[in-house]
Amino acid sequence: MSAVDITVVADAEEAARLVGERLAEQARAGGSFVLTGGSTPRRAYETAAELEPDWSRVELWWGDERCVPPDDERSNYRLAKSALLDRLGDQPAVHRIQGELGRDEGTAEYRLELTDVGAFDLVLLGLGPDGHVASLFPNFPTLDVAGRDVVGSEAGYEPFVDRISMTLPRLCNTRELLFLAAGENKADAVARAFAGAPSHQTPGSLARSAEGTTRAILDRAAASKLS
Ligand code: 6PG
């Protein structure tokens, strides 16, 4: 597996700033991006919108979604809309996962939308305290799904609603895979994902760009158990 280029900064704010700068830089250049959910990326999205309000050259995708309507507070789309899209002058092409259709239909629709889409330019991933990435949870059979871009899943972590997720091969088909993790509750998962042997126990340890680079931007607390 390719090595991970790790950057450790003082705190969550600085980590979000670096990721926001990287997103803004790629928005300027154009390309296809995959966003992550959870709460850590909010500041990164806000920063990216401040630094670059023209996203008209971007195709925007999501690595995973919760099966809720797009205006539900648990929706990953809603987070990106309020932190990023609503703050832009020029919109990207938005490829939202339709969580409101439910697990099976939403998965089928997103699979269709991804037909013939080549490598992404940038995939952003968070890391759960249990080591999950996107909605690919520890030891779930979804980790082994290949030959399909999208998979439906039960939740392995809160919020406990059904999930729709890109598969590992689809997430890894990117020129750059960028992790963002902050906070002490991520320290064990970070150590296992970036300094341990690849394992289904820690999905983050299996997510590496297939042909490009993999980077992790961490705050000091999240990196505290890395040797
Ligand atoms: C989701 C996410 C998930 C997230 C991690 C980290 O839909 O839940 O995409 O993989 O990135 O759970 O989330 P936090 O940043 O909130 O810790």
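Biologist: How far does a polar side-chain atom of D64 lie from an oxygen atom of the ligand?

Modeller: The idea first: a polar contact is a pair of N or O atoms within 3.5 Å. Here, a polar side-chain atom of D64 lies 2.6 Å from a ligand oxygen. K186 also places a polar side-chain atom 2.6 Å from an oxygen of the ligand. For N76 the distance is 2.8 Å.

Biologist: What should I know about the model and its numbering?

Modeller: This is a predicted model, with pLDDT of at least 70 needed for local features and 80 or more for side-chain atom pairs, while totals for chains, interfaces and linings use all residues. Residues count from 1 along each chain as its sequence is written, and side-chain values use heavy atoms, leaving out hydrogens and water.

Biologist: Which residues of α1 are buried?

Modeller: Buried means under 20% relative accessible area, exposed over 50%, partly exposed in between (1.4 Å probe, protein chains only). An α-helix has 3.6 residues a turn, so residues three or four places apart point the same way. The buried residues of α1 include A16, V19, G20, L23 and A27.

Biologist: Where does the backbone need a second look?

Modeller: Most residues other than glycine have a negative phi, and most peptide bonds are trans. D116 has a positive phi, near 65°. D116 sits in the loop between α4 (103–113) and β6 (122–125), and is exposed at 79% relative accessible area. N139 has a positive phi of about 65°. That residue, N139, lies in the loop between β6 and β7 and is partly exposed at 48%. The E158 to P159 peptide bond is cis, with omega near -5°. P159 is in the loop between β7 (150–153) and β8 (163–166).

Terms used. Helices (H or I, at least four residues) and strands (E, at least two) are DSSP runs, numbered from the N terminus. A polar contact is a pair of N or O atoms within 3.5 Å; within protein, one must be able to donate a hydrogen and the other to accept it, and residues adjacent in sequence count only if both atoms are side-chain atoms.
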